[in-house]
Amino acid sequence: MIAWAVETLFATTLLMLLVLAIRAPVRRAFGAGMAYALWLLPAARMVLPPLPESWREQAAVPVAAAGDIVTVYVLEPLSAGTGAAAEAPAIDWLALLGGAWAVGAAGFLLYHLVAHSLFCSRLLARARIDRTVAGGRVRVIETDAAHGPLAFGIFHKYVAFPRDFSERYDDLEQDLALAHELGHHVRGDLIANWVALVILALHWFNPVAWRAFRAFRADQEMACDALVLSGRAQALRHAYGRAIVKSAHGGAVSAACHLHTINELKGRLRMLSKTNKTSPTRLAAGSAGGLALALAALGLTASGTQAAETIRDKVGRTIGVDLAALQDVPPAPPAPPALPHGDLPEPPEAPEAPEAPEAPDMEGASVYRIRTIQTGEAMVDAEAIRRSIPDVRELNCGTSGGERDEIVTHSTEGDRQVIRICTDRIQVMAARAEADAARAKVEALAHARRAVAHARTRVASDPELTAEQRAEALADLDAAIAEIEAESRSDD
C-alpha cells in the first residue's frame with residue numbers, strides 16, 4: 001500500500017505537468033471544453049488500482065516451455081548475527097513522514113469544509129429575494145453577503161447574486177450571468193471542485209498540484225464561457241465581457257463557482273476569443289486524440305508497469321527506504337495454542353544427548369543456505385501477441401480541402417489491423433485552426449478593449465467608491481487596457 005501510494009502521488013504529479021504543458025494548444029485547436037476534460041487524467045490515475053498480476057505475467061516473454069517444472073537452487077549467505085535480534089531504529093522516519101502527510105491532508109479538507117459551510121450559511125442567512133429556475137431545481141437568491149454572481153451547493157443547488165444585481169447589470173448582462181452559473185450546475189462543476197480539493201489535499205505539500213488546481217479552475221471557467229456563448233450571436237461577447245468586469249472581486253471560496261475574481265480579469269477577457277465554434281470533425285478528432293492520450297498515459301504510469309517501478313526505485317533511493325520490500329509484507333504468525341487447564345502430567349525424563357561429533361574448522365569460510373524455487377508457468381504465444389498489436393503507420397493521405405477528411409483510418413491486412421495516421425491532413429487542420437484562432441483573437445481583443453473602457457467609465461463615475469478604491473480600480477483597468485493594446489500591436 002505504501003509503495004502504491006508513493007507511485008500514485010508521483011504519477012499524478014507527472015500527469016499534472018503533462019496537462020499544464022498541453023492545455024493551451026489543445027484549447028486553441030479543439031476548444032475550451034476539451035482542455036477542461038484533460039484534468040480527468042490525474043483524477044483517474046488517483047483511483048487506478050495496480051495492474052493485475054496476470055496482465056504483467058502475460059506482458060513478459062516466458063523463458064520456459066509450457067508445463068515444464070524448473071527447479072532453481074539459490075545460495076543465500078547466512079548473516080553472522082542470525083541469532084541476535086536486530087536493533088530497532090531510533091526514529092521511524094517513514095512513519096513520521098506518513099503521519100505528517102495524513103495530518104496535513106486532513107487539516108486541509110477540514111479547513112475547506114468549515115469555510116464553505118460558514119460561507120453558505122452567511123449567504124442564506126442574509127438573503128432577501130428567493131426564487132427558483134430550471135424547473136424548480138435551482139434556487140436563485142439575492143444577498144448582500146455575495147460580492148458577485150456565484151453558484152454553490154451539490155444536493156441543494158443555489159445561484160447567488162449581490163443585492164444591487166439588478167441595478168449594476170442590465171437585462172442582457174443579468175441573463176448571461178445567470179446562464180453562466182446555471183451552466184456550472186448542469187455540467188457538475190461543483191462536484192468536480194470537491195474532487196479537485198480532495199486531490200489537492202493529498203498533494204498539499206506539492207507546488208505542482210497547487211499550480212494545477214489554479215489552472216483547473218481557469219479552464220473550468222473558460223469551458224463554462226464557451227458553453228454560454230455557444231450558439232449565441234457574436235455581438236453578445238461585448239455584453240458578456242461587461243458582466244465579467246462588473247463581477248470582478250478578490251474573495252473566493254474554492255468549492256463554489258464564482259463568475260470572476262480580480263486576479264484572472266485580464267486573462268479571461270483575452271480568452272473570450274477561445275469560445276469560437278469548433279467543427280464536429282475537429283471535435284471528434286480531438287476526442288479520439290484525447291482518449292488515446294489518456295489510455296497511453298494511464299497505461300504507462302499504472303502501478304505494476306516498468307515505468308512505475310522505475311519511479312518507485314528512484315523515490316526509494318531518494319528517501320532511503322526500499323519501497324519494493326514494503327509491497328509484500330508476510331502475515332503475522334498464528335498465536336500459539338492455549339495451554340489446557342488443570343494439573344499437567346509430569347514430563348518424562350529426557351534421554352541423554354549423544355556426544356556431538358567434532359565440528360570442522362570453519363574459520364574464514366562462507367556459510368550458505370539452499371532455497372529452492374519451482375515454476376510451472378505456461379509459455380505465452382508471442383506470435384499471437386504480435387498479431388494482436390495493430391500496425392500504426394504515418395503517411396500522407398491527400399486532402400480535399402474540406403473538414404470531412406479523416407485523420408485516422410483503419411483497415412485490415414491479412415490477420416493484422418492497420419491504423420494509418422494522415423499527417424498531411426493533421427497539418428491542414430492545424431493551419432486552419434491557427435488561422436481561425438488568429439482572426440478570433442483580433443475580434444476578442446477589440447471586444448475586450450471596449451468592455452474594459454466601458455468599465456473604466458463606470459468606475460470613474462461611481463459615487464459609492466472612495467477615492468482610494470477608485471484610484472486602485474482605475475489603475476488596474478488602465479493596466480489592462482495598456483496590455484490589450486500592446487498585444488494588439490504585437491499581433492499586427
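Buried means under 20% relative accessible area, exposed means over 50%, and partly exposed lies in between (1.4 Å probe, protein chains only). The model is predicted, so local features need pLDDT of at least 70 and side-chain atom pairs count only at pLDDT 80 or more, while totals for chains, interfaces and linings use all residues. Residues are numbered from 1 along each chain as its sequence is written, and side-chain values use heavy atoms, with hydrogens and water left out.

**Figure 1. The whole protein.** The protein has 16 helices and ten strands. Helices (H or I, at least four residues) and strands (E, at least two) are DSSP runs, numbered from the N terminus. Of its 492 residues, 33% count as buried. The accessible surface comes to about 29,600 Å², and carbon and sulfur atoms hold 61% of this area; the areas come from the Shrake-Rupley method with a 1.4 Å probe, and for residues only the protein chains shown count as cover. Among contacts (heavy atoms within 4.5 Å) between residues at least 6 apart in sequence, 70% join residues at least 24 apart.

**Figure 2. The aromatic pair of Phe108 and Trp210.** Seven aromatic pairs are present in the structure. Because the ring centres of Phe108 and Trp210 are 5.6 Å apart and the planes stand at 80°, this pair is edge-to-face. Rings of Phe, Tyr and Trp (its six-membered ring) pair if their centres lie within 6.5 Å; planes under 30 degrees apart count as stacked, over 60 as edge-to-face and the rest as tilted. The pair links distant parts of the chain, with Phe108 in helix H5 (residues 93-125) and Trp210 in helix H9 (residues 207-229), 102 residues apart. Phe108 counts as buried because its relative accessibility is 11%, whereas Trp210, at 34%, counts as partly exposed. Elsewhere, Tyr36, Phe213 and Phe216 form one aromatic cluster.

**Figure 3. Gln220 and its surroundings.** Gln220 is in helix H9. Its relative accessible area is 0%, so Gln220 is buried. Leaving aside neighbours within four places in sequence, Gln220 is in contact with Tyr36, His184, Arg187, Asp189, Ala192, Asn193 and Cys257. The side chains of Gln220 and Asn193 are joined by a polar contact of 2.8 Å, and those of Gln220 and Tyr36 by one of 3.1 Å. A polar contact is a pair of N or O atoms within 3.5 Å; within protein, one must be able to donate a hydrogen and the other to accept it, and residues adjacent in sequence count only if both atoms are side-chain atoms. From C-alpha to C-alpha, Gln220 and Ala32 are 8.3 Å apart in space, although 188 residues separate them in sequence.

**Figure 4. Thr13 and Asn206.** Thr13 is in helix H1, and Asn206 is in the loop between helix H8 (189-202) and H9. Both are buried: Thr13 has a relative accessible area of 15%, and Asn206 has one of 9%. Their side chains make a polar contact of 2.8 Å. A polar atom of the Thr13 side chain also lies 2.8 Å from the backbone oxygen of Leu9. On the side chain of Asn206, a polar atom lies 3.0 Å from the backbone nitrogen of Val208. Not counting residues up to four places away in sequence, Thr13 touches His203, Asn206 and Val208.

**Figure 5. The second largest pocket.** About 820 Å³ of space lies in this pocket. On a 1 Å grid over the protein atoms alone, a pocket is an open set of points with protein on both sides within 12 Å along at least five of seven lines, and lining residues have an atom within 4 Å of a point. Grid points are joined across faces, edges and corners, and the volume is the space filled by probe spheres set on the points. The lining has 34 residues, of which Ala285, Gly286, Ala288, Gly289 and Gly290 lie nearest the centre of the pocket. Helix H1 (2-30), helix H2 (32-37), helix H3 (40-46), helix H12 (280-301) and helix H15 (423-460) each supply at least two lining residues. The largest share, 14 residues, comes from H12.

**Figure 6. Ala134 in a loop between strands.** Ala134 is in the loop between strand E2 (127-133) and strand E3 (138-143). Its phi is positive, about 55°, although Ala134 is not a glycine. With a relative accessible area of 32%, Ala134 is partly exposed.

Note on methods
On a 1 Å grid over the protein atoms alone, a cavity is a set of points where a 1.4 Å probe fits but cannot get out, and a pocket is an open set with protein on both sides within 12 Å along at least five of seven lines; lining residues have an atom within 4 Å of a point.
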